[in-house]
Amino acid sequence: MMKRYITTPIYYVNDVPHIGHAYTTIIADFLKRFYALRGDETFFLTGTDEHGQKIEQSASARGKTPMQYATEVSGKFRELWNEFGIDYDHFIRTTDDYHIKAVQLAFEKMRERGDIYKGEYEGQYCVSCESFFTPTQLKEGKFCPDCGKSTSGVKEESYFFALSKYQDKLLEWYESNPILPSYRQNEVINFVKNGLNDLSITRTTFEWGIEIPNQKEGERKHIIYVWLDALLNYVSALGYGGDEKNMSFWQGSIHLVGKDILRFHAIYWPAFLLSLGLPLPQKIYAHGWWLNEGQKMSKSIGNVINPKEVSDEFGNDIFRFFLLREVPFGQDGDFSLNALVDRINSELSNDLGNLLNRLIGMSEKYFSLSLNSSKAKEFFPTEANELENLIAQALPLVENAQFHRYLEEVWKIFSLSNTMIARYEPWSLIKNGESEKTEALLVFLCNALFKGTLLFAPIMPTTAQKIADSLGIEIAPSSFEKMIIQNHYQERFEITKITPLFPRVEKKEKEEKVEEKKAEVKVEEKNPLIKIDDFFLSDLRVGEVLECKNVEGSEKLLLFQVDLGEEKPRQIISGIAQYYNPQDLVGTQVCVVANLKPAKLMGLVSEGMILSVKDENGLKLIIPQEKRKNGSKIG
């Protein structure tokens, strides 16, 4: 039995929970339930980050103290997670006394080690992100590269953490592949290889935060940098510096974070841990953003999706299923109610719900809801082998953070089952007097549904329990060990009739279908002429392909992650799958139109266009003759 420590980020209390918060927390809840069902000992942490200048300003604008404001917003997170049935073991607040003591202890240990020294910080600071930036990191010399808001110049006395000291050790750690997806790790490695600057870790221009310990008499009041404070929650919640009875969980730590805060978790946090002499995280899973009509959700824009409203309308299990099934982990996805309805009607109603309904109906009609056969595998050895292979393929996908693929493999179990009903026609078997084979078939289908239910139970716990009640089975670690690990087949099932799981849902509005369109340049006798200024409106740049894969459900589209020398790679979709093997393109430099408006294809966002040429001999990508620096401008 392993120990698993699963964490969400602690959510900043500058706003109420949105769908991005729900996505991270639901994945963490799935992992906790999955590992617990597999028999591992688990500890699931979530909570709220409550210090910093932004909170001080937000509270003041509302006529409240920072603590009053933080308590109010933190309560909304806890309330929503409780309504969603999130099975967390501990909810931390950075205003908790034990956390404050742990942060001050860690600060003192790092200072004693010589990793903290006093100096003066001068640079740009983003209040919204609580982040410092160098001039080269800023957009247009002024704007935050993460949120796009204007930064402000800061010059003040500060304590610094010797981040540069740990550059080589961090690069060595990355060799163990702790960050998924892999292209996110490549981003981090490139950032670190460019050189790390020591990190300013205190502020003196505001008061809402944890004071550094043992301040000297007459010294200006220093507040510990909010990210040093926040990141230490992962060990303070386990008792670091106090009652450390839960610190043994730290060896199996899995951090779930959004891609916008990966740098803090994959560079700053492990450096702090190295300074403290603590083990580094086992895994860091970095997910993308949920978008609305291709745009990042923002309260100022007014396009934020309220997760509770979606859950209230469609049900919590359906909401959880959709978030994990719809978008490959790590990539940005576009939220669509019509896409959700399509998932309900096809995969949930047709594949899963209909399978259970048919099983109940045939069991009642032919065997009075009581099934007993020891020959399920004997009659159907090919299907039994296929079922075992599907399970074997599904399980490793969880460890690799491929949650949508995991669900895809699980759903193949239900497709296999429905195909068997169509292939063997139990109504014909029973008519021809083959009662024994009919009963064996239904027992096989019950076992397939049992196994599939165990696999999706951590994602849809309420639905799984309904199926368990109908089949007379138990969702428990002992069942998982027996049915999934040992590949056991249960011989007897006492079926109970239940109402249909997923009634079909009618779409409330017509959503325009996204169609693939090829742009073909037709050479005519008289081509329209443009001015040189029109040409220069196109921003053409060289980029390197970090990752390339087929788009699920499309025979024509490839999904690229392209390094254009920016803070993060571009996600670009290109209709060239019939001309290239995606694996062959990784590491290739391509030419990209970098200033196209983002577009949606197959529910995924594309942030540019890869240039190619096509004639009667086929299609070829336009690539530089020699390697050039990523982001180099063409033209």
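# Buried residues, helix faces and ring pairs

Trainee: Is Y174 buried or exposed in this predicted model?
Mentor: The cut-off for buried is a relative accessible area under 20%. Y174 has a relative accessible area of 1%, so the class for Y174 is buried.

Trainee: Which residue forms an aromatic pair with Y174, and is that pair stacked, tilted or edge-to-face?
Mentor: A pair of aromatic rings is described by the distance of the centres and the angle of the planes. Here the centres are 5.6 Å apart and the planes make 45 degrees. The partner of Y174 is W173, and the pair is tilted.

Trainee: What is the relative accessible area of W173?
Mentor: W173 is also a buried residue. Its relative accessible area is 10%.

Trainee: How many residues apart in sequence are the parts tied together by the pair of Y234 and W269?
Mentor: Y234 and W269 form a tilted aromatic pair, with 5.8 Å from centre to centre and 55 degrees between the planes. Both residues are buried. Y234 belongs to helix α8 (residues 233-236) and W269 to helix α9 (residues 262-276), so the parts that this pair ties together are apart in sequence by 35 residues.

Trainee: How many aromatic pairs does the structure hold, and which residues form one aromatic cluster?
Mentor: The structure holds 40 aromatic pairs. One aromatic cluster is formed by F30, F34, Y35, Y285, F329, F403, Y406 and F480.

Trainee: Which residue has its charged end over the ring of Y35?
Mentor: Y35 is one of the residues of the aromatic cluster. The charged end over its ring is 3.9 Å from the ring centre and belongs to R4.

Trainee: At what distance from the ring centre of F264 does R263 lie?
Mentor: R263 lies over the face of F264. The distance from the ring centre is 5.1 Å.

Trainee: Where do the buried residues of α14 fall when seen down the helix axis?
Mentor: In helix α14 (residues 381-399), the buried residues are E383, A384, L387, L390, I391, A394, L395, L397 and V398. Seen down the axis, they fall within an arc of 155 degrees, so the place they line is one face of the helix.

Trainee: What covers the buried residues of α14, and which residue with positive phi follows the helix?
Mentor: The cover includes α1, β13 (283-287), α13 (376-379), α15, α17 (435-456) and α19 (477-485). After α14 comes a residue with a phi near 60 degrees, namely A401.

Trainee: How many residues of α11 are buried, and which elements do they pack against?
Mentor: α11 is mostly covered, with eleven of its eleven residues buried.
Mentor: Q331 is in the loop between α11 (316-326) and β16 (333-334). With a relative accessible area of 4%, Q331 is buried. Not counting residues up to four places away in sequence, Q331 touches Y183, G288, W289, K549, L559, Q561, Q571 and L604.

Trainee: In what order do the three strands of the open sheet lie, and which are the edge strands?
Mentor: The three strands have the order β15-β14-β16, with mixed pairing. Each edge strand pairs on one side only, and the edge strands are β15 (295-296) and β16.

Trainee: In what sense do β14 and β15 pair, and which residue is the bridge partner of L291?
Mentor: Strands of a sheet pair through backbone hydrogen bonds, either parallel or antiparallel. β14 (residues 290-292) and β15 pair over two bridges in the antiparallel sense. The bridge partner of L291 in β15 is K296.

Trainee: Which residue makes a side-chain polar contact with R184?
Mentor: R184 lies in helix α6 (residues 182-193) and is buried, at a relative accessible area of 3%. Leaving out residues up to four places away in sequence, R184 touches I179, K259, L262, A286, G330 and P569. The polar contact of 2.7 Å joins the side chain of R184 to that of E187.

Trainee: Is V103 buried or exposed, and which residues is V103 in contact with?
Mentor: V103 is in helix α4 (residues 97-112). At 1% relative accessibility, V103 is buried. Leaving aside neighbours within four places in sequence, its contacts are I210, I224, D229 and L232.

Technical notes
Residues numbered from 1 in each chain as written. Predicted model: local features only at pLDDT ≥ 70, side-chain atom pairs only at ≥ 80, totals over all residues. Heavy atoms only, no water. Helix = DSSP H or I, 4+ residues; strand = E, 2+ residues; numbered from the N terminus. Buried < 20%, exposed > 50% of the residue type's maximum accessible area, 1.4 Å probe, protein only. Contact = heavy atoms within 4.5 Å. Pairing = 2+ DSSP bridges. Polar contact = N/O pair within 3.5 Å; in protein donor to acceptor, adjacent residues only side chain to side chain. Arc of directions from axis to C-beta. Phe/Tyr/Trp six-rings, centres within 6.5 Å; stacked < 30°, edge-to-face > 60°. Lys NZ or Arg CZ within 6 Å of the ring centre and 35° of its normal.
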